[in-house]
Amino acid sequence: MAACPSLRRASSRSTARAPNSASNLFTVKYFDADDNAVNDDERYGDYAAKIVPKDEFEDALITTTDGGTIAFGEGTLRIRHVSNFAAASQNKLTTKAVKYDDGQGKAEAMAAVEKTGHASVILSSSTTISLNGKEQYQYPQELTDDIALLFDELLPKKAGGDNDTYTKMLVDHAKHEGFSMKGKSYEFRHLDLVDKENSDAWVSSSEGSDVFWPYPSGTSKGTDFELLHFQGLHRE
């Protein structure tokens with residue numbers, strides 16, 4: 001917006017000057033297919049994201065100081081499935097990333113994470129975080145404190161059910177790819193790097209990340225493990 005916006009009420013001939021920042025006038029709201037406002041992130045699906053006047057300016061006609069009209073397009077918010085939406089909303093599926101300075105700091109970060117016994121991730125303090133992996137949406141360094149690891153179970157076949165169906169599908173796929181699953185115990189998890197204060201939106205790290213997966217019950221560092229990555233398997 002080139003000029004400072006001003007505010008005019010449709011029912012009045014007077015003109016009131018608005019605050020200097022457009023952020024004082026507008027907010028982002030989300031709506032379902034029936035145009036009902038969505039106020040939480042506990043239902044999966046696609047929602048319309050709209051920039052709208054704040055409640056106190058809802059009945060106002062907002063223009064720029066030179067009288068120009070203001071129009072906004074719509075975006076799309078996609079909320080993906082998780083195994084438990086209630087747990088996700090309480091950040092119980094995520095663990096905050098531990099940052100380290102390049103050099104000796106990495107060894108210290110690894111030791112600190114391993115002591116917790118929980119799934120976690122460490123990131124270099126010099127890495128660049130980008131929303132949805134897009135470089136045009138890079139995070140300023142001071143806004144990366146809420147980056148976390150999403151460590152989730154496989155999805156259930158239906159709400160309230162178990163994930164046996166998808167577990168079997170992945171086991172069968174591993175066998176098809178030549179991996180022997182006979183006599184082996186296995187765990188499947190969905191992992192993502194996310195912004196836990198932005199509805200667990202997926203983010204990327206320019207320098208990668210180191211993920212820590214806790215030892216399953218009855219195993220230790222002396223146990224032989226085989227890690228399989230199911231490439232191209234994403235949640236939609």
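My entries below go through the cavity and then the salt bridges.

**Before starting.** This is a predicted model, where local features need pLDDT of at least 70 and side-chain atom pairs count only at pLDDT 80 or more, while totals for chains, interfaces and linings use all residues. Residues are numbered from 1 along each chain as its sequence is written, and side-chain values use heavy atoms, with hydrogens and water left out.

**Entry 1: the cavity.** I searched the whole structure and got one cavity of 30 Å³ or more. (A cavity is a set of points on a 1 Å grid over the protein atoms alone where a 1.4 Å probe fits but cannot get out, and its lining residues have an atom within 4 Å of a point.) The largest cavity holds about 40 Å³ of space, counted as the space filled by probe spheres set on the points, which are joined across faces, edges and corners.

Which residues line the largest cavity? I noted Lys99, Leu123, Ser124, Ser125, Thr127, Ile129, Gln141, Thr144 and Ile147. That lining splits into five polar residues, three nonpolar and one charged. (Ala, Val, Leu, Ile, Met, Phe, Trp, Tyr, Cys and Pro count as nonpolar, Asp, Glu, Lys and Arg as charged, and the others, Gly among them, as polar.)

**Entry 2: salt bridges.** I found 11 of them in the whole structure. (A salt bridge needs a side-chain nitrogen of Lys or Arg within 4 Å of a carboxyl oxygen of Asp or Glu.)

I picked lysine 29 and aspartate 55, which meet at 3.0 Å, N to O. Lysine 29 is in strand 3 and aspartate 55 in the loop between strand 5 and strand 6, so this pair ties together parts 26 residues apart in sequence. (Strands are DSSP runs of E, at least two residues, numbered from the N terminus.) Lysine 29 is partly exposed at 29% relative accessibility, whereas aspartate 55 is exposed at 55%. (Exposed means over 50% relative accessible area, buried under 20% and partly exposed in between, with a 1.4 Å probe and protein chains only.)

**Entry 3: two further pairs.** Aspartate 35 and lysine 50 also make a salt bridge at 3.0 Å, N to O. Aspartate 35 sits in the loop between strand 3 and strand 4 and lysine 50 in strand 5, so the pair ties together parts 15 residues apart in sequence. I also saw Asp35, Lys50 and Glu74 linked in a network of salt bridges.

Lysine 196 bridges to aspartate 146, with the closest N and O atoms 3.9 Å apart. These two link distant parts of the chain, 50 residues apart.

Technical notes. On a 1 Å grid over the protein atoms alone, a cavity is a set of points where a 1.4 Å probe fits but cannot get out, and a pocket is an open set with protein on both sides within 12 Å along at least five of seven lines; lining residues have an atom within 4 Å of a point. Helices (H or I, at least four residues) and strands (E, at least two) are DSSP runs, numbered from the N terminus.
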